[in-house]
Amino acid sequence: MTLQQRVRIHTEDDHERATQRIDEIAHASPGSREEAELLALLEAVERWESHQECWSDWL
């Protein structure tokens, strides 16, 4: 996975899998493929959680 690739989270299950994978690769070596994956996952989770917070304001 390169830094240019985006991870998209569409469901609660996707979110759960992403957070589990983040835990698995949390100590990735700098410059490694796992670090690129970690950064993409962290960005996706942040977008998902931000989106969920926006929707909670409407409910």
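The protein chain holds two helices and zero strands, where helices (H or I, at least four residues) and strands (E, at least two) are DSSP runs numbered from the N terminus. This is a predicted model, in which local features need pLDDT of at least 70 and side-chain atom pairs count only at pLDDT 80 or more, while totals for chains, interfaces and linings use all residues. Residues are numbered from 1 along each chain as its sequence is written, and side-chain values use heavy atoms, with hydrogens and water left out.

Of the 59 residues of the protein chain, 27% count as buried, a class that means under 20% relative accessible area, with exposed meaning over 50% and partly exposed lying in between (1.4 Å probe, protein chains only).

Two residues can be set side by side.

Beyond its neighbours within four places in sequence, alanine 28 is in contact (heavy atoms within 4.5 Å) with Glu34 and Glu35. From C-alpha to C-alpha, alanine 28 is 7.7 Å from leucine 38, a residue ten places away in sequence.

The side chain of glutamate 37 is joined to that of arginine 21 by a polar contact of 2.9 Å; such a contact is a pair of N or O atoms within 3.5 Å, and within protein one must be able to donate a hydrogen and the other to accept it, residues adjacent in sequence counting only if both atoms are side-chain atoms.
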